[in-house]
Amino acid sequence: MKCSYCGKEINENDKYCQFCGAEAKKQEQTTEKTEESRDTGRVGQPIEKKKANPKKIILTVVGVVTAIHLVGWVIILGLLAALGITPSNYVEKISEFFEYYDEYIYDNNYNDDLFDDFDDFDDFDDFDDFDDSDDFDVIDDDIDAFKPGLVNTKANTYICKMANISITLPEDYNVYSEKEIEELYQKTNITDSMRKRNALVYDFYAKNPLGTKIVYVDFINKDYYSEYKDLNSYIKHVKETYTDYERSGYGLEFAEDSMFYPHGKDSKDISFHQIAARVTDANGKNTYDYSFVSEIDDYYVLITICAPELSDISVVLDSMNTKK
């Protein structure tokens, strides 16, 4: 065999190399150490497995979740951008959506022809047969409940289900949608408790862009406003509200009270007590303010018309004169 140090041939039984004096078994020990080093990495010690780092795991999970959220927001922002919605016009676009809903979906959910069919019913005697039907339940509690009117903002038309009248306004009026009427509640500080009890109901509201011509219909709950003992006391209250003009420095003149019959004087349908006033500002400019008051079930109904010309008042009244 060869000496592992000098490489010269020596006898296998020699303990030491006769040339360099090194131990003859040195080669085997070195080989074993070399092999052991390959197997363990460190002589005399087993290989240790590396433990998982919890911090790295947490960071990995957070990174994955963050990436998912970012991808989601990129998709959402991409859709909004495709619809033309940006942070600067977000409120405007949302408002346009609700206006579209009010005009083309909510307000057009009824058919004018359907309501024309009610013209044929002058009385409701024919409905007595339903009382004996087991399939038809009459709920007495709902008989005097408020029935909201139907508003078509596109056609400037209002159908008052409680008073059996309709109003069609000229094109220069802007009819408020249900959402916009809701905002009127907030502006006039009508509380939630009052609204739940239908203390005051804005059933219809319209005005021209200048705000010089206004038409609106209110229903006032008689039980909530118990200080108005009867219709005459409420009429007196309406007249008293006109004194606000005088306190503001305007001139105020009343015409003699009269009655207004939307369906004709001979009709047995609803009639209104008419209060007509002329208001004059400091420049001598006149405005005409008409109030029409009636009583329907548990409510006082108030129709108010304000306009700079008497002809404007006549246009609205003429649209109410024909029975629908």
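In β11, the residue that bridges to I296 is Y299. Helices (H or I, at least four residues) and strands (E, at least two) are DSSP runs, numbered from the N terminus. This is a predicted model: local features need pLDDT of at least 70, side-chain atom pairs count only at pLDDT 80 or more, and totals for chains, interfaces and linings use all residues. Residues are numbered from 1 along each chain as its sequence is written, and side-chain values use heavy atoms, with hydrogens and water left out.

Back to that bridge. β10 and β11 are antiparallel partners, with nine bridges between them; two strands count as paired if DSSP finds at least two bridges between them. They form a hairpin with two residues between the strands. In its turn, D297 has a positive phi of about 55°.

β10 also pairs with β9, again in the antiparallel sense, over eight bridges. Here H273 sits opposite V293 of β10. This hairpin has five residues between its strands, and G284 in the turn has a positive phi of about 80°.

How many of the 11 residues of β10 are buried? Eight are, so the strand is largely enclosed by the rest of the structure. Buried means under 20% relative accessible area, exposed over 50%, and partly exposed in between, with a 1.4 Å probe and protein chains only.

Next, helix α7, residues 231-241. Its buried residues are Y234, I235 and V238. Seen down the axis of α7, they fall within an arc of 105°, so they line one face of the helix. That arc is taken from the directions from the helix axis to the C-beta atoms. On the other side of α7, N232 and K236 are exposed. What covers the buried residues includes β6 (214-221), β9 (272-280), β10 (286-296) and β11 (299-307).

Now the cores. A nonpolar core is a set of buried Ala, Val, Leu, Ile, Met, Phe, Trp, Tyr and Cys residues joined through side-chain atoms within 4.5 Å. The largest one has 60 residues, and F204 and F219 have the most contacts inside it. β11 gives the largest share of this core, eight residues. Apart from it lies another core, of five residues, among them C3, C17, A22 and A24.

Which residues does F204 touch? Leaving out residues up to four places away in sequence, F204 touches V151, Y158, L169, V175, I181, V215, Y216 and V217. Contact means heavy atoms within 4.5 Å.

There is also a sheet of three strands. It is open, in the order β1-β2-β3, and the pairing is antiparallel. β1 (150-152) and β3 (165-168) are the edge strands, each pairing on one side only. Neighbouring strands of this sheet are turned by 10° against each other on average, direction ignored. Four bridges join β2, residues 157-160, to β3.

Last, the chain as a whole. The protein chain has nine helices and 11 strands. Of its 324 residues, 30% are buried. Among contacts with a separation of 6 or more, 48% come from residues 24 or more positions apart.

Technical notes. Axes are lines fitted to C-alpha atoms, for helices over the stretch in contact, and angles run from 0 to 180 degrees between N-to-C directions.
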